[in-house]
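Subject: Handing over a structure for you to look at

Dear colleague,

I am passing on the structure we spoke about, and I would be glad if you read the notes below with it open beside you. They go through confidence, ligands, helix packing and backbone details in turn.

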Amino acid sequence: MDLLTFVLRYLSVPTVAILIAGFTYKTLRYALFARVYTPKPEFRWREIAIKKGSFWDIGFWHWIKELLAVFLRPIIWSVRVNIIDFVGGLALLHIIGVIPILFLMCTHVSIWLNYLPYMAIGPINLTPLVELIQKIWYFFCIPVGFGKGVVEVFSTVTAHSGLLGTIWSYLSAIPIVLNGDVLTILAIAAVIYKIIDHIIKVSRGIINIRPGDFVALILLLCILVSGFVALHAPATLPPEMFRTLIGIHVLFAEIFFMTLPFTKFSHFLFGYWYGKIHELYDAYAKRGV
Amino acid sequence: MMRLQTTEKKYENAFWRISKYIDSTIIHYVENCISCGICYEACPAYHIDKRYAPATIGEWFRRFYRRYMNIAGRILRKLMHAYPITPENLAKASEYAYRCTNCGLCYMVCAAGIDSGALACLTRALIREADHAPQILKTLEELEVSGKYLTPKVEEAYSKFIEEAKKILGHDVPVNDRDKAFLIPVSVVDILFAKDAVIGTMKILDKLGLSWTIPERPIGIRPPIGYASGNLSAAAGMIRTLYAYAQSLNVKAILVVDCGYMYPMLRFEGPYIAEVPQPCKILSIVEVLEDYAERGLVHPVKSTDLVTWHDPCMLMRRGGVETPKHILEEAAILTLPKNHGKYATCCGGGAHMFFLQEDVLKKLDEVLDTNLADYCKKDRFVREIAEFALKIAEHRAEELLNTGAKVILTACTSCIYMIRKSVEHSALPFVEVKHISEYLAGKI
Ligand code: SF4
Ligand code: SF4
């Protein structure tokens, strides 16, 4: 049994199990520590509503605006005060880098669809909705590199390789700029920027950066680099070697997901959303800020 | 060895005692900082010394929390930066916690909605519980809670204040009157540092035809000091006393003139920490004035003064009271500083840093029969923190002076003190720093 078979066949289930267990533990803690406070102060949004007539007078759209504001405020602030960090930390790492690579690069899309049983490709009964989701997802698939097919490792990938049937078949000029290769390079640059930034901060006496943060960033870097290397392996490489390269990439990814609930990367699954919704409740609804 | 273990247990117990304040929101603040650094530039402390930023200010509490309440922290102590509570670590934690003015700007801009100011408050609570808080704050808090602040000299100063108010207003000052519209909770700090603001407020209320009353004695030193010293039970006690007093007088609202901690404490935190409902409305004089101006019920005499407004953190970000643009634009020519409203910079006096200033303490010593100012000479830590707060104030004063205004208006005693002190030190032309009530009293 080679590494790729091992990580796909034997490690994937424990990975998902540990990931779920970790998040269950975290979420349960929140539930256990949640408190319903009575009495409460008079919330200010009510005052505003009374002043203006009713809740609907301040308007549903007002709430939507405030909801957007809590999400946009840090981004606007970051652009205003530290544009380098905005580009390196937020734009390259999140918006251009990791998120589209993880969810839209065609190789990964196939993996996601494999992992989610109801979306599995094959002659199982797909409900029209799942079929639609699948179609849309494939439509936005990002090719690995311009003019490249997708490496034939997973049978499912082959069926959906290339640019045919995706948005890129209509916008053929874009993949030259926007493809998996470019995105990966940008994401690698962003992770290296973050590591250097952390080193500088530690050297300046900033105390909140922990060894664990470096481990998590290095792990992310390993995933990106191993994926990039695997997809650019020369065609002459023996298939076993190639499978090992992909196996290393998947192994790193699985370690990443196993440790996810305990690293700072967990923010995109829980902390970020909880924080922003709480901010809307505390700062806007309660205090009226 | 045995003794060492007992000491550690003692400190650990202090942690468990304050753990009652840890709820799911605090867990979020503790566990979800991603070290993105977005909040750094927002923090007034960071502008003075790059080691102090919101994420680092909250870090010591996180370290203790990991040590006692986090499984990964208990196992992988080094990797997770999980630290035990020891006198040395508490001293280090103080260095950070007392740099925070609880201004709340980091909360406004944090990528994950984390209020590092709240973590600084919890760190202070832990430091206080472990009996390591600065003696000045501890003494003030104890005097306030025990009622021992009511010395003969304080009583005398209060009588003089009432006499002066009577002369200016031209009628008797209503003391302890029932069924009035407003109770003005006058404190020792009010009569020593903000007399004109309180009398100005009384004058404005008279002109607006609103009834009011004041307590027969000052209602505390500047309640609730416990919140800043870290004794949240003491703060809760003071809030309960104030609520009960307002209820006994059957007033429609408590009208806060000095924002300090009093406004957000009574208006928002009170019911949570004191566990009693609010007896009536809690208002700031700023929102009353602005509301009257917005509704066209007040028309101050317009002057040609170029004025600027400093939004006190406790009113704006912690209290949701907006910049009083309507009233100020009616009364003068208003120019706002670069950072205003939600993004206003802190004056450095927050979290009762004001009480660590030597001349403030000298004035308090005169009436409280204490020797608190001596700590400024004796205690290096207090001196350092006081100087640090003044540097923050200088930074804010510069922003306000850059507007070119001749009058700086605000609504908080510590803001006025800190900004005035910085303006006096600055090489720029002298400008006046006043409370909005003091400024508008003669114009309405
Ligand atoms: S509350 Fe203000 S002073 Fe405290 S950490 Fe946040 S920005 Fe800094
Ligand atoms: S902005 Fe929020 S998440 Fe980012 S470093 Fe500051 S406290 Fe942490």
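Where pLDDT is low, the predicted coordinates should not be read in detail. For chain B the average pLDDT is 94, with 98% of the residues scoring at least 70. For the complex, the predictor gives an ipTM of 0.93 and a pTM of 0.92.

**The two ligands**

Which residues surround ligand 1? The shell is drawn from chain B and consists of C43(B), P44(B), P54(B), I57(B), C100(B), T101(B), N102(B), C103(B), G104(B), C106(B) and G117(B). By class, the shell around ligand 1 divides into 7 nonpolar residues, 4 polar ones and no charged ones.

Ligand 2 is likewise surrounded by residues of chain B, namely C33(B), I34(B), S35(B), C36(B), G37(B), C39(B), A55(B), C110(B) and A111(B). The shell around ligand 2 has 7 nonpolar and 2 polar residues, and no charged residue is found in it.

Two packed helices are described by the angle between their axes and the distance between the axes. In chain A, helix α11 (residues 211-231) packs with helix α12 (residues 239-259) at an angle of about 155 degrees, and their axes are 9 Å apart. Because angles over 145 degrees count as roughly antiparallel, α11(A) is roughly antiparallel to α12(A). The crossing in which α11(A) passes α12(A) is left-handed. From α11(A), the residues that meet α12(A) include L219(A), L220(A), I223(A) and V229(A), while those on the side of α12(A) include F242(A), I246(A), F252(A) and F256(A). The contact of α11(A) with α12(A) has 14 nonpolar and 4 polar residues, and no charged ones.

In chain B, helix α12 (residues 152-169) and helix α14 (residues 195-208) pack at an angle of about 40 degrees, with 10 Å between their axes. At that angle, α12(B) is oblique to α14(B), and α12(B) passes α14(B) in a right-handed crossing. F161(B), E164(B), A165(B), I168(B) and L169(B) of α12(B) make this contact with K195(B), V198(B), I199(B), M202(B), K203(B) and D206(B) of α14(B). Here the classes are 7 nonpolar residues, no polar residues and 4 charged residues.

Also in chain B, the axes of helix α16 (residues 232-249) and helix α17 (residues 262-274) come within 9 Å and cross at roughly 115 degrees, which makes α16(B) roughly perpendicular to α17(B). The crossing of α16(B) and α17(B) is left-handed. Among the residues that meet there are L232(B), I239(B), R240(B) and Y243(B) from α16(B), together with M265(B), L266(B), P271(B) and I273(B) from α17(B). By class, the contact of α16(B) with α17(B) has 11 nonpolar residues, 1 polar residue and 1 charged residue.

**Backbone details in the loops**

Most residues other than glycine have a negative phi, and most peptide bonds are trans. T38(A) and P39(A) are joined by a cis peptide bond, with omega at about -5 degrees, and P39(A) is found in the loop between α1 (3-33) and α2 (44-52) of chain A. The peptide bond from P223(B) to P224(B) is also cis, its omega being near -10 degrees; P224(B) has its place in the loop between β2 (212-213) and α15 (225-229) of chain B. Finally, D131(B), although not a glycine, has a positive phi of about 65 degrees, and D131(B) is in the loop between α10 (116-129) and α11 (135-146) of chain B.

Terms used: Residues numbered from 1 in each chain as written. Chains lettered and ligands numbered in written order. Predicted model: local features only at pLDDT ≥ 70, side-chain atom pairs only at ≥ 80, totals over all residues. Heavy atoms only, no water. Axes fitted to C-alpha atoms, helices over the stretch in contact; angles between N-to-C directions. Helix = DSSP H or I, 4+ residues; strand = E, 2+ residues; numbered from the N terminus. Parallel < 35°, antiparallel > 145°, perpendicular 65-115°, else oblique. Left-handed = near helix turned anticlockwise from the far one by under 90°. Contact = heavy atoms within 4.5 Å. Nonpolar A, V, L, I, M, F, W, Y, C, P; charged D, E, K, R; others polar. Near = heavy atom within 4 Å. pLDDT = per-residue confidence, 0-100.
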